[in-house]
Amino acid sequence: MRRFLIKVGFFVILWLFLIGTAIFFSHLWVKRQKFTNANTEGNLLIMPKGNGVDYLVLGISHGRNLSRRSHHQLFESVFNATMVNLAQGESLGGIENQHLYLRTFYEKGNKTNDLILVLSPSLMFNADTDQSDIMLYREPLELSMMRRLIDMGNDRKWHQLFFYIKSKLGHHWWMLKPDNKTHFDGVLTAIDGDAMKEGFQLAYPNGLDLKTFQNRCQELNQLVNTAEANGAKLTFVIPPAAFGYWPGHGAVLAHLKRQYPGRRVLDHSEAVMGNAFYYDHHHLNTEGMKKYLALLYGGMVRKD
Amino acid sequence: MLFNSFVFLCFFVVFFAIYWSMPRKALYWQNAVLLLASYVFYGWWDWRYLSLISLASLTSFLGALGIEDKPSYKKPILFIVLLVHLGMLAYFKYAGFFVSSLMLALNSIGFKMDVVYLQIALPVGISFFTFQSLSYAIDVYRRNLTASRSWIEYFSFVSFFPQLVAGPIERAGNLLPQIQQQRYFNFENAGKGLQLILWGLIKKMMVADVCAPVVDSIFSNSETASLTELWWGIFLFGVQIYCDFSAYSEMAMGLALLLGFQLMKNFNYPYFATNIQAFWKRWHISLTTWFKDYIFLPLGGSRVGKNRLLLNIVIVFLISGLWHGANFTFLAWGFYHAILYGVYIIWLAKWQIRVPTLFGWFFTFFCVLVGWVFFRAADIWQAGTYIEGLFSPQRGFSMHYVDVKLLMSLALLVFFEWLHRHHSFGLDLGSAVSQPIRWSLYLLLLTLWLVYANFDEQAFIYFDF
């Protein structure tokens with residue numbers, strides 16, 4: 001028995017050592033790439049340390065779209081300011097997820113004057129976006145991130161931690177590369193009712209469930225508290241969509257106005273209309289983004 | 001508690017430590033710990049079903065004692081044991097099916113009534129432990145076996161957790177004597193046990209669970225899927241069910257070896273069979289031999305006329321189908337295999353028709369795959385539509401369900417299973433391979449498993465049976 005236990009123990013230690021080594025080298029391999037906020041959605045790959053930025057953006061893919069391709073530079077030139085975008089696309093950026101990144105941002109000694117929270121109404125009715133096991137697959141392994149993940153109240157946090165670690169061995173991580181394309185040229189040809197219905201089913205897995213909405217409101221409150229405790233001025237933005245208003249739009253808007261008086265709330269649901277400005281039903285292409293950034297800037301300046 | 005779960009890992013490590021720290025020559029305590037662990041394992045699903053497995057164990061335990069001690073009453077006693085076991089199985093597994101089928105049949109001949117669908121939860125593993133208990137009572141009745149006098153030993157046999165919920169269906173003649181003897185730790189067996197567990201985890205989590213979502217998707221869209229997608233779907237289901245089920249059996253064998261037991265082999269590379277008879281000698285061996293010993297041979301076996309033999313085969317395969325589940329699809333699956341098997345052994349084998357091995361393998365594999373449609377379909381109508389689609393070129397040849405991870409998993413499976421087809425299992429490297437190479441391979445496979453396995457803790461398909 002002793003011989004067996006020693007051999008098994010030695011094997012496990014050897015395996016863990018090899019895994020640790022592989023993770024270390026994968027980290028070096030990926031880090032050698034030139035990542036910027038505009039060409040990756042791996043936030044820890046680009047997050048500054050001890051920096052001050054003018055704008056910090058949080059949200060789901062609609063927030064991330066402010067940085068994708070050349071949109072990041074467009075934003076900074078329109079606003080004439082620096083911006084860090086921590087929003088997450090690919091259905092990975094829930095409110096808890098964004099709170100996790102916000103805490104990381106502050107714990108790394110960063111500061112921001114303005115926090116733009118791109119609050120797509122679907123985010124307030126969908127708890128699944130925080131449940132994804134692959135939430136951190138694009139992030140380098142950091143012990144402090146693991147600690148923050150464990151601190152989260154999320155039911156799936158242990159799964160997410162496990163996947164966070166093991167993702168560093170998978171080909172997705174090793175092959176992570178900057179997306180250096182500069183434009184979204186695609187154009188939405190027509191509003192497709194069936195595709196929209198399908199999309200809404202994914203974006204609202206429980207429909208307009210009140211309980212989910214209430215839970216998300218509580219999570220949002222925690223995020224707002226963290227931001228304001230660190231001196232950020234908050235702006236809520238409901239992003240534009242080719243179809244205009246998202247389901248649940250009224251409830252979200254009413255909640256923001258009631259719960260957060262005195263904060264900027266910009267309802268841009270119908271700010272950019274016309275299929276030519278979108279590459280799908282709710283993501284602006286580069287032409288659309290040019291038009292929208294001017295509107296966003298105008299809205300923020302005007303409210304000031 | 002699933003073998004592929006973290007909670008099972010914790011459970012087994014704690015149990016393993018306690019089990020092997022029992023003092024030497026303390027068989028009673030070794031079995032007591034084993035029994036307790038088995039009940040914890042089973043109760044983890046639903047503690048209420050512990051009463052069911054206890055009742056099954058108690059009935060066959062007392063029944064066997066009665067049969068042995070009161071030979072003049074052995075027939076009625078065996079009858080009671082059969083009644084209790086089959087009654088439990090009938091109630092939990094088949095009552096809903098028979099009641100709703102009867103009502104539908106009555107409706108169809110003019111008796112108007114609302115069809116009632118009974119909602120009776122199926123206790124996990126009931127078909128397995130019922131058959132295990134039944135074979136024990138019948139073996140004692142036939143005087144092939146001496147009745148156990150220790151309830152702890154017998155209860156441990158029925159509830160032996162490595163194989164409790166999905167087999168192999170162990171015979172008392174094999175497992176009970178091992179329980180009645182003190183177990184001593186064996187280094188070589190324990191090592192082999194770990195290899196079996198690793199290979200089982202790879203097959204389950206890297207192959208079966210990766211195929212599962214594709215299969216589900218193709219079957220749920222079977223009315224619109226293309227011809228190639230339908231074939232791909234049924235091919236993947238064939239892989240999925242084999243990997244899912246044989247993985248459980250191999251993990252069961254591996255866990256048993258770690259505890260000092262040897263379980264029977266349940267699969268022997270069935271997809272490499274070159275005829276349907278050979279397939280059934282290699283697929284779910286513990287159930288096939290059970291049916292042979294307790295149903296086919298008492299019906300007269302093969303020493304009967306051609307028609308009677310065909311009838312016997314049909315009976316056995318229909319019962320086998322019904323054993324898998326209360327649904328007409330399983331009956332159809334059983335009947336389909338009965339025809340294949342009957343045609344083969346009554347005519348093809350008898351006339352000694354020789355076909356090239358490659359053709360034999362291909363044809364057998366093709367027939368088995370088509371049969372899986374019945375097994376997987378939600379109902380007999382879907383099975384019909386699916387099979388019709390398999391032979392409809394007008395469905396087209398588009399393909400949307402191929403990805404690298406899936407192909408890599410399949411390649412890994414075929415490579416190891418083909419390479420070691422003459423060994424006891426796919427990862428059985430034998431003694432010819434040096435230790436550094438073996439360890440390197442295990443490290444590589446373990447890492448691939450960690451990276452690419454599906455960790456969603458998917459239940460095993462055979463838990464439903």
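The structure is a predicted model, and every value below was computed from it.

**A serine in a helix**

B:Ser57 belongs to helix α3 of chain B, which covers residues 50-69. With a relative accessibility of 0%, B:Ser57 counts as buried, because buried means under 20%. When residues up to four places away in sequence are left aside, B:Ser57 touches B:Tyr39, B:Tyr154, B:Phe155 and B:Val158.

**Pairs of aromatic rings**

Over all chains, a search of the whole structure finds 95 aromatic pairs. One of them joins B:Tyr28 and B:Trp29, whose ring centres lie 5.4 Å apart and whose planes meet at 90°, so the pair is edge-to-face. B:Tyr28 has a relative accessibility of 51% and therefore counts as exposed, and B:Trp29, at 53%, is exposed as well. B:Phe279 and B:Trp280 also form an edge-to-face pair, with 5.4 Å from centre to centre and 85° between the planes. Here, however, B:Phe279 is buried, with a relative accessible area of 1%, and B:Trp280, at 7% relative accessibility, counts as buried too.

**Arginines over rings**

| Arginine | Ring | Distance from ring centre |
|---|---|---|
| A:Arg3 | B:Phe187 | 3.7 Å |
| B:Arg421 | B:Trp418 | 3.7 Å |

How values were computed:
Residues numbered from 1 in each chain as written. Chains lettered and ligands numbered in written order. Predicted model: local features only at pLDDT ≥ 70, side-chain atom pairs only at ≥ 80, totals over all residues. Heavy atoms only, no water. Helix = DSSP H or I, 4+ residues; strand = E, 2+ residues; numbered from the N terminus. Buried < 20%, exposed > 50% of the residue type's maximum accessible area, 1.4 Å probe, protein only. Contact = heavy atoms within 4.5 Å. Phe/Tyr/Trp six-rings, centres within 6.5 Å; stacked < 30°, edge-to-face > 60°. Lys NZ or Arg CZ within 6 Å of the ring centre and 35° of its normal.
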